[in-house]
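This report covers strand pairing, nonpolar cores and helix packing in one protein model. The sequence and structure come first.

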Amino acid sequence: MAVSALPSLRSLPSVDRLLRNPDIAVLIEKHGRAEATQAVRETLKELREAMRSGKDIDDGVIAASVLSRVEARASPRLKALFNLTGTVLHTNLGRAILAEEAIEAATSAMRHAVSLEFDLASGKRGERDDHVRSLVCELTGAEDATLVNNNAAAVLLVLNTLAQGKDAIVSRGELIEIGGAFRMPEIMARAGAQLREVGTTNRTHARDYVEAIGPQTGLLLKVHTSNYRIEGFTAEVGARELSTIAHRHDIPLVNDLGSGTLVDLSRFGLTKEPTVREAVEEGADLVTFSGDKLLGGPQAGFIVGRKDLIAAINRNPMKRALRVDKLRLAACEATLKLYRDPERLAQRLPTMRFLSRSVEDIRDQAERLAPVVACHLGSRVTVETVPCRSQIGSGALPLDTIPSFGLSLQPRGGGRAVEELSAAFRALPWPVIGRVTEGALVFDLRCLENEELFGQALSSLRLGNAS
Ligand SMILES: *Cc1c(COP(=O)(O)O)cnc(C)c1O
């Protein structure tokens with residue numbers, strides 16, 4: 001068997017000969033000799049197997065195969081894509097898209113040495129928080145502020161600093177899990193704090209907190225129940241009342257806001273979320289919130305509040321392990337600056353721009369794009385414009401949806417065909433991610449801005465039997 005295959009195997013070109021092939025020479029120029037050589041070897045190995053089954057192969061075929069191998073390895077795994085899921089802040093798709101100002105600031109910080117921990121006025125060592133501290137205080141009314149890797153880190157650091165070896169009192173109605181492995185009780189355990197649950201799932205009263213307070217209490221924690229809501233026969237103790245209780249016993253109140261917006265969202269026609277400024281005014285000693293949720297910046301966690309407590313946090317050795325890098329610091333500063341001009345926020349900050357788009361505007365876009373999408377899909381997929389509902393995502397206003405518009409792609413052949421269609425869009429060089437509902441692939445257009453790029457992306461669409 002092996003003997004009869006030998007003559008044709010010999011006719012495969014050598015690695016050296018292929019590396020001199022003009023097409024592959026171009027590849028070497030672009031990606032380097034090592035990548036090209038590896039791809040040539042892998043391709044030859046595969047072809048040797050193919051030839052055993054009697055396939056005919058010339059150098060052109062080999063070069064094309066080498067090319068696609070090298071290109072596939074060179075293309076980024078972390079791909080830019082179109083988020084047409086209707087969830088504006090999609091954690092799995094990277095949450096907030098940054099403002100141009102933030103992108104420029106981060107790019108400059110990547111390209112140059114920066115005054116990260118250097119005070120230009122005195123020529124002495126500075127602190128990285130200095131670049132955002134006064135801005136954050138100005139925007140939230142807090143006395144002091146610090147910045148860490150994300151809000152999970154902010155909560156961890158606060159608990160560890162104020163309640164290590166002590167009790168952290170939380171209502172049973174607020175012991176949340178936020179996707180992944182962020183569960184309040186587990187974070188507490190890792191922070192070295194003892195969870196002291198009070199009240200019940202649906203009702204917690206002031207006396208529940210008061211009865212739990214003792215010499216072992218480190219802090220009172222209020223957690224914004226970001227991703228769910230308890231309705232019906234419920235009672236919770238508001239932050240203002242909690243702060244009175246906490247301060248009467250000389251214990252700090254920490255309010256984990258989660259998304260924590262800096263502006264009143266009702267100005268964009270959305271339901272009001274508590275703002276950071278309000279949480280500070282209500283008497284929380286520390287407030288924590290995310291940088292890449294409603295704030296619309298890079299991944300980061302803000303801790304704002306009392307100066308002495310922030311100082312204690314900054315002395316905690318864990319702070320060093322959780323600090324932010326210069327790129328995100330630069331992007332945070334630039335993002336926060338946009339909040340000084342609230343009138344133009346809805347234009348300049350993509351998160352606000354998406355959230356404040358009118359349904360009429362999105363409907364016009366759907367009508368414009370329906371024929372464009374249809375012409376790439378052939379006659380076996382029906383494309384219709386449909387009303388749909390977007391959501392903010394990342395735990396902000398979980399039950400509120402915003403009227404939107406989109407395209408519904410319905411292939412003939414039901415469930416499997418929809419899955420195949422959805423897979424074809426995911427396989428694009430610029431993948432398009434929609435939402436599969438009731439036998440259709442739906443693209444919510446709320447977050448689609450670059451129609452030209454979208455049109456180009458579709459031109460690579462390869463549909464199997466759906467075409
Ligand atoms: C999202 C959220 C967190 C975690 O924030 P990350 O920025 O994802 O680390 C913590 N607490 C609440 C209430 C949240 O909503």
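## Contacts of Leu220

Setting aside neighbours within four places in sequence, Leu220 is in contact (heavy atoms within 4.5 Å) with Ile169, Tyr209, Ile213, Leu242, Ala246, Ile251, Pro252, Leu253 and Val254. The model is predicted: local features need pLDDT of at least 70 and side-chain atom pairs count only at pLDDT 80 or more, while totals for chains, interfaces and linings use all residues. Residues are numbered from 1 along each chain as its sequence is written, and side-chain values use heavy atoms, leaving out hydrogens and water.

## Nonpolar cores

A nonpolar core here is a set of buried Ala, Val, Leu, Ile, Met, Phe, Trp, Tyr and Cys residues joined through side-chain atoms within 4.5 Å. Buried means under 20% relative accessible area, exposed over 50%, and partly exposed in between (1.4 Å probe, protein chains only).

The largest nonpolar core has 57 residues, and Leu220, Val287, Phe289, Val304, Leu336 and Tyr339 have the most contacts inside it. Helix 7 (residues 130–140) gives the most to this core, with 5 residues. Because domain 2 (82–91 + 354–466) and domain 3 (100–348) both give residues to this core, it lies between them; the domain bounds come from an automatic or database domain assignment. Apart from this core lies another, of 29 residues, including Ala193, Leu219, Val223 and Val254.

Helices (H or I, at least four residues) and strands (E, at least two) are DSSP runs, numbered from the N terminus. In strand 7 (residues 217–223), 7 of the 7 residues are buried, so the strand is largely enclosed by the rest of the structure.

Two strands pair if DSSP finds at least two bridges between them. Strand 7 pairs in the parallel sense with strand 5 (residues 167–171) over 3 bridges, and Ala168 stands opposite Leu219. Strand 7 also pairs in the parallel sense with strand 8 (residues 253–258), over 4 bridges; here Leu220 stands opposite Leu253.

## The sheet and its helices

An open sheet of 7 strands has the order 4-10-9-8-7-5-6, with mixed pairing. Strand 4 (144–148) and strand 6 (194–198) stand at the edges with a single partner strand each, so one side of each is left without a neighbour in the sheet. Strand 9 (residues 286–290) and strand 10 (residues 301–305) pair in the antiparallel sense over 5 bridges, with Thr288 opposite Ile303.

Helix 8 (residues 151–163) lies across strands including strand 4, strand 5 and strand 7, and runs at about 155° to strand 9. Axes are lines fitted to C-alpha atoms, for helices over the stretch in contact, and angles run from 0 to 180 degrees between N-to-C directions.
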